[in-house]
Amino acid sequence: MTLIDWKPEFFLGIPKMDADHRYMVGLINGLNEQLQAAGNKTFIIGILEELYSSAAKHFAHEEAIMRECGYDKYAEHEADHRRLLDRLTTWIADYQTERLDEGMAKWLANWFCNHFQNHDTRLCGPVSEPIESKVTTDVV
Ligand SMILES: [Fe+2]
Ligand SMILES: [Fe+2]
């Protein structure tokens, strides 16, 4: 069973953001499948590491947009990004010492849906028109 079904509501209308979000959802679903199937540990750590590196790039892009726009909720949004990266760092370290957290995929799915709804839609709503023209540097 797919943990997160991709829905039209997940599209923000900004191709790079949408592609990144879709990729992250795919990784979370893949992680869930591997955990359900008691998949290979090295493969599971590989998914966690790929999620970390793709999320870190994506967050850097969003945070650059927020700084460019003087976004009023920057601190809260950035803190929620950090929360995910810190959690992934802990899981990767723990997984290497056999302390498995079977709830990882569900936590990630909840994080994604909550973050998307409470932070990313707010960021891309009011500034969606000028967003791409305001970003002058390619940070990813
Ligand atoms: Fe995002
Ligand atoms: Fe975000």
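Student: What makes the crossing of α2 and α4 left-handed?

Tutor: The rule looks at the near helix: anticlockwise from the far one by less than a right angle is left-handed, clockwise is right-handed. The crossing of α2 and α4 is left-handed. The model is predicted, local features need pLDDT of at least 70, side-chain atom pairs count only at pLDDT 80 or more, and totals for chains, interfaces and linings use all residues. Residues are numbered from 1 along each chain as written, chains are lettered from A and ligands numbered from 1 in written order, and side-chain values use heavy atoms, without hydrogens and water.

Student: Why are α2 and α4 called roughly parallel?

Tutor: Helix α2 (residues 41–69) and helix α4 (residues 104–124) pack at about 10°, with axes 14 Å apart. Angles run from 0 to 180 degrees between N-to-C directions, and axes are lines fitted to C-alpha atoms, for helices over the stretch in contact. Under 35 degrees counts as roughly parallel, over 145 as roughly antiparallel, 65 to 115 as roughly perpendicular, the rest as oblique. So α2 and α4 are roughly parallel.

Student: Which residues make that contact?

Tutor: Contact means heavy atoms within 4.5 Å. From α2 come L48, L51, H58, F59, E62 and M66; from α4 come M104, L108, W111, H115, D120 and L123.

Student: What makes α2 and α3 roughly antiparallel?

Tutor: Their axes come within 10 Å and cross at roughly 165°. That angle therefore makes α2 roughly antiparallel to α3. This crossing is left-handed too.

Student: Which residues are the protein donors of the iron ion (ligand 2)?

Tutor: Donors are N, O and S atoms within 2.8 Å of the metal (3.2 Å for Na, K and Ca); water is not among the atoms, so sites may look incomplete. E62 (OE), H77 (NE2), H81 (NE2), H115 (NE2) and D120 (OD) lie 2.0 to 2.2 Å from the iron ion (ligand 2). E62 coordinates both this ion and the iron ion (ligand 1), and the two ions are 3.6 Å apart. H81 is in helix α3 (residues 74–96) and D120 in helix α4, so the pair ties together parts 39 residues apart in sequence.

Student: How do you know whether H81 is buried or exposed?

Tutor: Buried means under 20% relative accessible area, exposed over 50%, partly exposed in between (1.4 Å probe, protein chains only). H81 has 1% relative accessibility, so H81 counts as buried. D120 has 2%, so D120 counts as buried.

Student: How many helices and strands does the protein have?

Tutor: Five helices and zero strands. Helices (H or I, at least four residues) and strands (E, at least two) are DSSP runs, numbered from the N terminus.
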